Amino acid sequence: IFDIANKRYISKNFKNIKTFDAVIIGGGELIYGHRGFNSSLFIWSKFLSKKNVPLYLYGVSGDTKMKKNRMKRYKKALALCTKVIVRDKNTQEICKKVYGIDSIYKPDVVFSYNLVNKIDRIEEGNRNVLLCVPIRYNTKIKEKFNFDNENEYFDYLKNIIDKEIKGIRNIYVTSTTFNDDESSKRFYDYISDKYTIDIHYEKYSCLENYIKLLNMSRVVVSGRMHAMILGLINGCKIEPIEFKEKLEVFKEEFYNIKDIAKVENEAFEGLELLECYIDKKE
């Protein structure tokens with residue numbers, strides 16, 4: 001069903017695809033077991049290959065926890081890509097050992113945010129906020145931590161906060177996606193009477209307002225990888241909610257990072273590299 005829908009959509013909307021210099025497909029967890037992603041990449045790669053239009057994957061990640069037939073489809077799709085640029089070294093290894101392709105590692109593009117949008121950062125010693133950006137309670141969290149209900153998940157989040165509360169004067173609870181708003185508000189209600197310091201709730205609004213919160217914050221607790229990346233490049237310590245393999249990999253790679261400027265520059269180099277490839281039609 002996914003394949004049929006993708007074929008119809010592509011055939012209808014991209015009849016003049018040969019006029020494109022190239023196609024770039026990005027988006028985080030593209031090489032996971034997700035049926036929709038698997039179908040989209042499989043159909044797009046075949047379509048573009050037949051039209052002789054270069055296909056570049058950028059900033060993608062993946063694992064091998066999927067059915068064998070999906071892995072076979074990914075292998076075929078990846079072999080048809082002109083270049084594959086991955087966002088973590090674990091995925092680079094998977095591409096080599098499982099799918100038999102050479103990929104290029106560059107940190108997630110969000111790491112380059114401050115190189116494009118210059119922001120004045122508040123000095124670390126003047127920060128007194130703990131920012132909690134909880135992902136909503138879901139099946140993967142339940143299974144990963146063996147929770148029976150949302151309250152047990154909230155207890156887990158509170159325990160993380162308790163370990164980081166020294167020197168903190170304010171706790172802010174917010175979200176970076178609309179889907180997490182209701183859960184974030186429930187967590188705020190849950191902890192609002194459990195501390196003597198001020199606790200605030202900020203409903204999701206826009207990226208700029210999230211950046212403002214980061215610039216007051218010393219610590220970011222979250223299950224959203226981009227929420228933590230923005231925290232890292234704005235001088236915050238991160239405490240990941242490791243309910244997915246990608247977050248375990250992320251923590252292993254960046255939790256104790258000493259030279260964040262180097263990572264920022266490497267991420268920006270990835271954009272320049274992609275531009276170079278397309279200009280040269282490699």
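Two strands count as paired when DSSP finds at least two bridges between them. Strands (E, at least two residues) and helices (H or I, at least four) are DSSP runs, numbered from the N terminus.

**Entry 1: ground rules.** I am working with a predicted model, where local features need pLDDT of at least 70, side-chain atom pairs count only at pLDDT 80 or more, and totals for chains, interfaces and linings use all residues. Residues are numbered from 1 along each chain as its sequence is written, and side-chain values use heavy atoms, with hydrogens and water left out.

Entry 2: I looked up the strand order and found an open sheet of 4 strands, 1-2-3-4, with parallel pairing. Strand 1 and strand 4 (104–105) are its edges, each pairing on one side only. I then went through the joins: 6 bridges link strand 1 to strand 2, and 4 bridges link strand 2 to strand 3 (residues 83–86).

**Entry 3: the largest pocket.** A pocket here is an open set of points on a 1 Å grid over the protein atoms alone, where a 1.4 Å probe fits, with protein on both sides within 12 Å along at least five of seven lines; lining residues have an atom within 4 Å of a point. I read about 530 Å³ for the largest one, a volume being the space filled by probe spheres set on the points. It has 27 lining residues, and Glu29, Arg224, Met225, His226 and Lys246 are the closest to its centre. Helix 10 gives the largest share of the lining, 4 residues. By class I get 11 nonpolar, 8 polar and 8 charged.

**Entry 4: the second largest pocket.** This one holds about 400 Å³. Of its 15 lining residues, Tyr32, Asp63, Lys65, Lys140 and Lys244 are the closest to the centre. Helix 6 (139–145) and helix 11 (245–254) each supply at least two residues of the lining. My class tally reads 10 charged (Asp, Glu, Lys, Arg), 3 nonpolar (Ala, Val, Leu, Ile, Met, Phe, Trp, Tyr, Cys, Pro) and 2 polar (the others, Gly among them).
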